[in-house]
Every structure is written in C-alpha cells, then in structure tokens.
Amino acid sequence: MSITQSVIVPAYKEKLNIKPLTTRLFAALGNDGAKSTELIFVDDNSQDGSVEEVEALQKQGYDVRIIVRTTERGLSSAVLRGFYEAKGDYIICMDADLQHPPESVPSLFDNLKTHPFVIGTRYAPGVGIDKDWPLYRRVISSTARMMARPLTTASDPMSGFFGLQKKYLLEAKDGDIDSKGFKIALELLAKLPLPADKPIGEVPFSFGVRTEGESKLSGKVIIQYLEQLKELYVFKFGANNLVLFLLFAIILVLYILYQFYSLLF
Ligand SMILES: Nc1nc2c(ncn2[C@@H]2O[C@H](COP(=O)(O)OP(=O)(O)O[C@H]3O[C@H](CO)[C@@H](O)[C@H](O)[C@@H]3O)[C@@H](O)[C@H]2O)c(=O)[nH]1
Ligand SMILES: [Mg+2]
C-alpha cells in the first residue's frame with residue numbers, strides 16, 4: 001500500500017513523548033490507515049536520545065522517521081520542512097507533547113478528503129482547554145485569536161493541530177510563506193491559494209496539558225506574533241492599510257487590559 005497520508009511533528013527535546021505519540025497514533029489509525037500513513041518528526045538537534053527512540057520504533061515496524069536539522073531552528077520552519085518532505089497528499093501537523101490527542105488524527109484526515117485545509121479547533125461546543133492550562137496563556141491565546149479575525153474565518157487559527165492537501169502548498173508562490181514565528185497555520189491560511197468556494201474544515205478537540213518536557217513558548221513569541229500579523233495584514237490588505245493594523249494593535253491593548261481587569265475584579 002502506498003503512502004497517501006503524512007503526520008508531521010515538530011519536536012525539540014521531546015524524547016519522552018515520542019514513543020507514546022507513535023504507538024497511540026498508529027493504534028488510532030487502525031490497520032488500513034496505518035499502512036497508508038507515515039510519521040515524520042522534525043527535530044532541531046535535541047541530542048536527548050530522540051533519534052535512538054525513533055530507531056527503536058522503526059525496528060518494531062512503525063513507519064516513522066526523524067529529520068534532524070543542525071543549521072536551522074524554529075517551530076514554523078520545522079513544520080514546513082516536514083511538509084515538503086512528506087510523501088502523502090494529505091498532511092496533518094501536530095505537537096509532540098500529546099496536547100493534541102493522536103486519537104483525533106483519523107477525523108482530521110477524513111475531513112481533509114473533502115476540505116483543502118482543516119483546523120483542529122478548541123473553540124466548539126463540547127470541547128475546550130484543560131483547566132490546568134495557565135490563565136495567562138488563555139488570555140494571550142484569545143487575544144491573538146481576536147487579532148487574526150480579519151485574516152481568516154477559521155475559529156482557531158492559533159492551533160498547532162491542523163492539516164492541508166499538499167497540492168495547495170505546492171501551488172503557493174516561492175517565497176510567499178514566511179517560516180518565522182510560531183503560528184504557521186495562520187500564515188498558511190492567509191497565504192495559500194485555497195479555493196474561495198470551499199470552506200475550511202473544523203474538527204473539535206480538547207486541548208490537554210503537557211505531562212513530559214517543557215513548553216518552548218516565551219515572551220519573544222508574542223513579539224514575533226505581532227510582527228507576523230503586521231506582515232499578514234500588509235499581504236492581505238496592502239501597505240496602505242497599515243492603519244488598520246495599528247487600529248487593531250490599539251484594540252489589542254485595550255482588550256488585554258479589559259481581560260486582566262475582569263480577572264482581578
Ligand atoms: N523542531 C522544533 N520544534 C519545536 C520548536 N519549538 C517548539 N517545537 C515543538 O513544537 C511543538 C509545540 O511546542 P510547545 O512548546 O509545546 O508549544 P505550546 O506552548 O504548547 O504551544 C502550542 O499550542 C499553541 C496554542 O496555544 C499553538 O499556537 C502552538 O503552535 C503550539 O501548538 C512541540 O512538539 C515542540 O517540541 C523548535 O524550535 N524546533
Ligand atoms: Mg505544548
């Protein structure tokens with residue numbers, strides 16, 4: 001059976017999560033799904049035993065490999081590297097740390113057969129975010145989501161759990177996709193030549209908390225996000241509409257103040 005589906009996982013110092021993710025993912029795919037799916041970790045030279053972990057899983061028969069980058073770093077560029085290396089026409093991206101349930105991957109692939117792009121969304125009835133996810137992360141996430149509203153109709157463009165049909169990536173103009181920053185789904189949603197008459201697929205999932213390893217999100221990511229937003233606004237609405245961006249920046253500040261005010265009082 002040939003490979004039609006690829007799962008790409010950016011990973012930095014995720015050794016302890018590699019085995020549970022791989023075994024849970026292939027179990028969830030079932031016999032037929034597993035035969036047509038490859039799993040690719042894109043690791044930035046973690047040197048924590050991740051490579052050996054993947055080799056052990058290969059020996060057990062799993063279709064898994066690891067790309068180790070030694071000259072580049074960064075979440076978005078790791079995801080794009082995996083996308084370009086993927087053999088499948090249908091590609092899902094997910095985090096290594098099990099905050100994205102491997103059991104939801106088959107639903108994302110199903111959805112992708114009829115949608116050019118699919119988002120695993122945390123904002124839908126019946127799902128949500130684990131109660132232990134820190135409050136400041138919720139505030140940042142909902143603010144960031146609101147700021148992206150003019151760029152996409154997707155309910156959760158900040159999600160790191162998403163997928164696309166590879167042909168749309170190959171149709172994008174060279175140099176259009178910027179691989180800086182953390183929000184690669186938003187970048188792709190705003191810039192890929194996705195057909196206007198086909199909606200973005202949405203699959204609700206519950207966002208867990210990390211049990212092994214640490215988050216790589218830092219204050220720098222927020223600055224990078226604002227830079228990315230500015231660039232996307234210019235891409236979508238033209239340089240003259242920078243005013244629109246500034247307006248949104250002001251709304252953002254007011255919104256953060258409002259959120260903190262409502263938390264405190
Ligand atoms: N190769 C590589 N992988 C990285 C890097 N930085 C992070 N990763 C990997 O990218 C995944 C997400 O990183 P986390 O550090 O766990 O991010 P997070 O704070 O949980 O943020 C996640 O949730 C956000 C939603 O609020 C998402 O916006 C974000 O993209 C990510 O999915 C993990 O598998 C992590 O190992 C990097 O520089 N290089
Ligand atoms: Mg995480």
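**Reading the terms in this model**

Student: Why is Leu 98 called buried?
Tutor: In this predicted model, Leu 98 has a relative accessibility of 18%. The term buried applies under 20%, so Leu 98 counts as buried. Leu 98 is placed in the loop between strand S4 (90-93) and helix H4 (105-112).

Student: What makes the phi of Leu 98 worth noting?
Tutor: Leu 98 is not a glycine, yet its phi is positive, at about 70 degrees. Most residues other than glycine have a negative phi. Lys 13 is also not a glycine and has a positive phi, of about 55 degrees. Lys 13 belongs to the loop between S1 and helix H1 (15-35).

Student: Why is Lys 13 called partly exposed?
Tutor: The relative accessible area of Lys 13 is 42%. Buried requires a value under 20% and exposed a value over 50%, with partly exposed in between; Lys 13 is therefore partly exposed. By the same definition, Gly 74 is partly exposed because its relative accessibility is 29%. Gly 74 sits in the loop between strand S3 (64-68) and helix H3 (75-85).

Student: What makes strand S1 (residues 5-11) mostly covered?
Tutor: Of its 7 residues, 7 are buried. One side carries Gln 5, Val 7, Val 9 and Ala 11, and the other carries Ser 6, Ile 8 and Pro 10.

Student: How do you know that S1 and strand S2 (residues 37-43) pair?
Tutor: Pairing requires at least two bridges, and 7 bridges join S1 to S2, so the two strands pair. They run parallel, and the bridge partner of Gln 5 in S2 is Thr 37.

Student: Why is Leu 257 called exposed?
Tutor: Leu 257 has a relative accessibility of 54%. Exposed means over 50%, so the term applies to Leu 257. Leu 257 lies in helix H9 (residues 242-264).

Student: Which residues form the nonpolar surface patch that includes Leu 257?
Tutor: The patch consists of Ile 250, Val 253, Leu 254 and Leu 257, with about 400 Å² of accessible area together.

Conventions:
Residues are numbered from 1 along each chain as its sequence is written. Chains are lettered from A and ligands numbered from 1 in the order in which they are written. This is a predicted model: local features need pLDDT of at least 70, side-chain atom pairs count only at pLDDT 80 or more; totals for chains, interfaces and linings use all residues. Side-chain values use heavy atoms; hydrogens and water are left out. Patches are made of residues with over 30% relative accessible area and no salt bridge: like charges are joined within 9 Å, nonpolar side chains (Val, Leu, Ile, Met, Phe, Trp, Tyr) within 5 Å. Accessible areas come from the Shrake-Rupley method with a 1.4 Å probe; for residues, only the protein chains shown count as cover. A salt bridge is a side-chain nitrogen of Lys or Arg within 4 Å of a carboxyl oxygen of Asp or Glu. Helices (H or I, at least four residues) and strands (E, at least two) are DSSP runs, numbered from the N terminus. Buried means under 20% relative accessible area, exposed over 50%, partly exposed in between (1.4 Å probe, protein chains only).
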